[in-house]
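Colleague: I have not looked at this one before. Can you take me through the pockets and the helix packing?

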Amino acid sequence: ITKKGDVLISKSGSLGTCAIVDSDKEFTTYESIFTVRTKKDILNNIFLINLIRNPSLQIKLLGGKVGGTVSHLNLSMFKNFEFPLPPIELQNKFASIVKEVEAMKEQQKHSKNQINNLFNALMQKAFKGELKC
């Protein structure tokens, strides 16, 4: 059963796609997904998913895929894969920076939507003849 904070990693199809469970509801996953529950004092989940998303690590990780037309990550290969593991303090600092950057990106997205809405409202006024230049 998957729980909040677990890391989900695709092992077939879009190999290496990953996410952190952000729901309080427990659920089960398909067999095409690894569920990774880390020891919080050893491995930060945000650090782990960013590590897995790293292009150079993806090459090494996906180099171990098996299968014909549909490739799969083998569970034993994944378990035996050696990840670089800095001290938890550095992982937590990295995760904190990632959270700040993600918050800034979300704020930028919100600002862009507001600008687009204001621009569209201005354009409507301009074409209705309500805007005088």
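Colleague: How do the residues lining the largest pocket divide into nonpolar, polar and charged?

Modeller: This is a predicted model. In it, the lining of the largest pocket has ten nonpolar residues, one polar and one charged.

Colleague: Which residues are they?

Modeller: Phe34, Thr35, Val36, Ile42, Leu43, Leu48, Leu75, Phe78, Lys79, Phe81, Phe83 and Leu85. Strand 3 (33-36) and helix 3 (75-80) each provide at least two residues of that lining.

Colleague: How much space is in the largest pocket?

Modeller: About 270 Å³.

Colleague: And what volume does the second largest pocket have?

Modeller: About 170 Å³. Its lining consists of Ile20, Ile46, Ile49, Asn50, Arg53, Val98, Lys99 and Glu102. By class, that makes four nonpolar, one polar and three charged residues.

Colleague: Which helix gives the most to that lining?

Modeller: Helix 1, with four residues. Helix 1 (45-53) and helix 4 (88-127) each supply at least two.

Colleague: Switching to packing. At what angle do helix 1 and helix 4 pack?

Modeller: The angle is about 75°, and the axes are 8 Å apart. The two helices, helix 1 and helix 4, are therefore roughly perpendicular to each other.

Colleague: Which residues make the contact?

Modeller: From helix 1, Ile46, Phe47 and Asn50; from helix 4, Gln91, Phe94, Ala95, Val98 and Lys99. The contact residues of helix 1 with helix 4 are five nonpolar, two polar and one charged.

How values were computed
Residues numbered from 1 in each chain as written. Predicted model: local features only at pLDDT ≥ 70, side-chain atom pairs only at ≥ 80, totals over all residues. Heavy atoms only, no water. 1 Å grid on protein atoms, 1.4 Å probe; cavity = no way out; pocket = protein on both sides within 12 Å on 5 of 7 lines; lining within 4 Å. Points joined across faces, edges and corners; volume = space filled by probe spheres on them. Nonpolar A, V, L, I, M, F, W, Y, C, P; charged D, E, K, R; others polar. Axes fitted to C-alpha atoms, helices over the stretch in contact; angles between N-to-C directions. Parallel < 35°, antiparallel > 145°, perpendicular 65-115°, else oblique. Contact = heavy atoms within 4.5 Å.
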